[in-house]
2 protein chains.
Amino acid sequence: MHPLSKRLSRYFLPVLKETPAGAEIVSHQLMLRAGLIRQTAAGIYAWLPLGLRVLDRIAAIVRCEQDRAGAIEMLMPTIQPADLWRESGRYDAYGPEMLRIADRHGRDMLYGPTNEEMVTAIFRDCVKSYRDMPRTLYHIQWKFRDEVRPRFGVMRGREFLMKDAYSFDMDMDGARASYDAMFTAYLRTFAALGLRAVPVKAPSGPIGGDLSHEFHILASTGESEIFYDSALDTVDIADPEAPAQLRRLYAMEAEEHAKIAACPVPPERLARRRGIEVGHIFFFGTKYTAAMGMQVQGRDGAMVTPLCGSYGIGVSRLAGAIIEASHDEAGIIWPEQVAPFDVGLVNLRPDEAAVMAACEALEAKLAVAGRSVLHDDTPARPGEKFATMDLVGLPWVVTVGPKGLAAGTVELKRRATGEKAELSLEAAIARIAG
Amino acid sequence: MHPLSKRLSRYFLPVLKETPAGAEIVSHQLMLRAGLIRQTAAGIYAWLPLGLRVLDRIAAIVRCEQDRAGAIEMLMPTIQPADLWRESGRYDAYGPEMLRIADRHGRDMLYGPTNEEMVTAIFRDCVKSYRDMPRTLYHIQWKFRDEVRPRFGVMRGREFLMKDAYSFDMDMDGARASYDAMFTAYLRTFAALGLRAVPVKAPSGPIGGDLSHEFHILASTGESEIFYDSALDTVDIADPEAPAQLRRLYAMEAEEHAKIAACPVPPERLARRRGIEVGHIFFFGTKYTAAMGMQVQGRDGAMVTPLCGSYGIGVSRLAGAIIEASHDEAGIIWPEQVAPFDVGLVNLRPDEAAVMAACEALEAKLAVAGRSVLHDDTPARPGEKFATMDLVGLPWVVTVGPKGLAAGTVELKRRATGEKAELSLEAAIARIAG
């Protein structure tokens, strides 16, 4: 069996028939119903086994593209000393979203909502010379923002998983190169997740210039409204020129779009769609390095205050955003890249030895092909099993029963299209592994 | 290049020449000096890139053995509502080690020091029938215990990473089987980490009976003292009978040993060694399920209050414990199973094209053999490079320089033994890939 394959009779997948009260948006409803998450306090969720697998797959893809871009992974703690935020001046400035804590000795601590201060302090204390520059450091860690009214499930939770990266450069050319590398990494990340993300120019302070972008996934239920040049839709992300093309093309959030005196895009090419923000990258120069006294010696001996950018992806939020972008009335439709299992196996008669044997053979052969299987070997009724499979949304569903086996076939269903076929077991495996 | 291989010139490995003040024990000193961790507040550490790789490898091994034992992974949040702990009666009983927090609405929260209450609440709300039993659920998550005097680095930190598993069974036979499965999983886990762990009978309350064990790694700097039957040292962990043998053999912490009227082990066979506790498993019956009103319907229709056990491994603590058990004057000696890189590559002349080309060939060939490389391609002096490699303790060090290359050789050093050999590049790779 594939190391990630599971039998439902020994798994923990508490699906719900009814839509729970209080879940306003479809991703929240489906995540609760499909047994991905459970709320443990307002805006705080436990990730049940199926949900954790999705979260881990998203994180793995984010990590892979960060590594490819040359960013270096580390892991900062969740609890931070307030003094660090006093150095930057943000401790008092940050609003009630900051979860402030006093430890047993009365020292002011906080649950990190972000890590500019901490990473700057660590880098400042370790790096003294241009020889150790530039660097981009990242971590994937839980954050806390004490939202006044948490809602929409993991889309606006209080405890959430985020990938945040921080670049340190000696000069503006370097900082721009670091920013560009992350811009490209973000496009690759969302494509690898099976998503189409639109990079939207974000308003930035006096420092940022044009180096601030948000990445939005298009979904009709999205919280934000975006106006963009529909030429964006035809850019091939695999093209090395894609990042440059995308940055040239017009894309703005509604609020910013409204401020534009004359839109540069002809009306017939201007698309208006709803989106969900899943990433934000921006350059902020010496804001924290200057406030926190970080300097490194340049090649010419002069001391330089490094220029920095920060780059976030909402990892737990993505789980919800993907569902907003990919579902139907029956349930979730996971992109193959992040599905918790590759194949759902509906065993119509787990009590019949021949059917069970065929299912076991299927599990084993799919394992050889590198595909993980969730095998429903429970005594539940067929209708219930099919409904559960549609709800949890695995890319392929194979149904094995005595009638089909007598005819030498199994049923193969593609979740995304609903397309079904009666095939031999071998042909079904070949199609899935295809 | 292997996906995990790195060039030091673009990595973040801030090693320290001096032993930092305040680090009392050797693992703490070496973790700081080798650039594995940095303290960000008392008892709270950031895991630098090299340290995170070790932590990830330890967690992966723990996860693998939990999965093999049939435990199901999920992920509970770090912040918990106090009301959950009021249900069990532990909110007031738990001492000042609990980090208590009020959120912006004044609701009592806490940073979870453990998860019996939360996992019981989740399982209670999802499972109603014997058909969904038994189950063992686990997660690997950061915990917080507000130690009055945190010290010894990650060995007694405040924010620490722990694997905690919880079993739910319908009857005592089942509970004992769940306990036994975890006992075996723990032996396998420590063996897979390259460690020898002694299972010590732990004192347990009136419920526990003989179902409570601590696992200690032997190290002369260990905090606890253990008396045990030296026959334990000769048990082959790979033997299927090992768990039963180990449980029969005498092993007690000094405090408990002192209470024994007559030690069952003859003096010549009684070993007395120091140990570090890295795991604890115990059965506690219906303590939380009863207090929190969890019942499931049995096969005969009667309601049953499930019997539970909990099973912890200190994942971040293990990083320190391994160093306590495996180091010398020059630095860390990582067991191969958890080393951050398989091979350290000392490039004596990164400015010479032929030397760099040989190093690149080595990286590529080791990647094919599945071995990751930390390539020191910096302009530092040879002596400094060798000292850094000894300090960070990778299992193999290959030195490539112009003289050796002229003679067709590289130097291969085994960190654990100090054994060195001049070999052809191919022979060195063959030895490493062994």
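**Chain A, overall**

I started by counting elements in chain A of this predicted model, and I got 14 helices and 24 strands. For the outline, I took the box along the principal axes: the C-alpha atoms of chain A fill roughly 80 × 60 × 45 Å.

How much of chain A is buried? I found that buried residues make up 48% of its 434 residues. I also checked the contacts in chain A with a separation of 6 or more, and 72% of them join residues 24 or more positions apart.

**A sheet in chain A**

Then I picked out one sheet to follow. Three strands of chain A form it, in the order 5-7-6, and the sheet is open with antiparallel pairing. Which strands sit at the edges? They are strand 5 (79–81) and strand 6 (99–102) of chain A, each pairing on one side only. From one strand to the next, I get an average twist of 35 degrees.

I zoomed in on one pair here. Strand 6 of chain A is joined to strand 7 (residues 108–111) of chain A by four bridges, and the two run antiparallel. As a landmark, I wrote down that Leu99(A) stands opposite Tyr111(A), which belongs to strand 7 of chain A.

**Where chain A and chain B touch**

I moved on to the contact between the chains. Chain B puts in 41 residues and chain A puts in 41 residues. On the chain B side, the elements giving two or more residues include helix 2 (49–68), helix 5 (116–126) and strand 8 (135–144) of chain B. Strand 2 (37–41) and strand 3 (44–47) of chain B are also among them. What kinds of residues make up that side of chain B? I sorted them into 29 nonpolar, four polar and eight charged.

**Helix 14 of chain B**

My last stop was helix 14 (residues 425–433) of chain B. Its buried residues are Leu425(B), Ala428(B), Ile429(B) and Ile432(B). Why do I say they line one face of the helix? Seen down the axis of helix 14 of chain B, the buried residues fall within an arc of 100 degrees, so they line one face.

I also asked what covers these buried residues of helix 14 of chain B. The cover includes helix 11 (353–368) of chain B, along with strand 20 (343–347), strand 22 (396–400), strand 23 (410–414) and strand 24 (420–423) of chain B.

Definitions and conventions
Residues numbered from 1 in each chain as written. Chains lettered and ligands numbered in written order. Predicted model: local features only at pLDDT ≥ 70, side-chain atom pairs only at ≥ 80, totals over all residues. Pairing = 2+ DSSP bridges. Axes fitted to C-alpha atoms, helices over the stretch in contact; angles between N-to-C directions. Contact = placed C-beta atoms within 7 Å. Nonpolar A, V, L, I, M, F, W, Y, C, P; charged D, E, K, R; others polar. Buried ≥ 20, exposed ≤ 12 C-beta atoms within 10 Å, placed from the backbone. Arc of directions from axis to C-beta.
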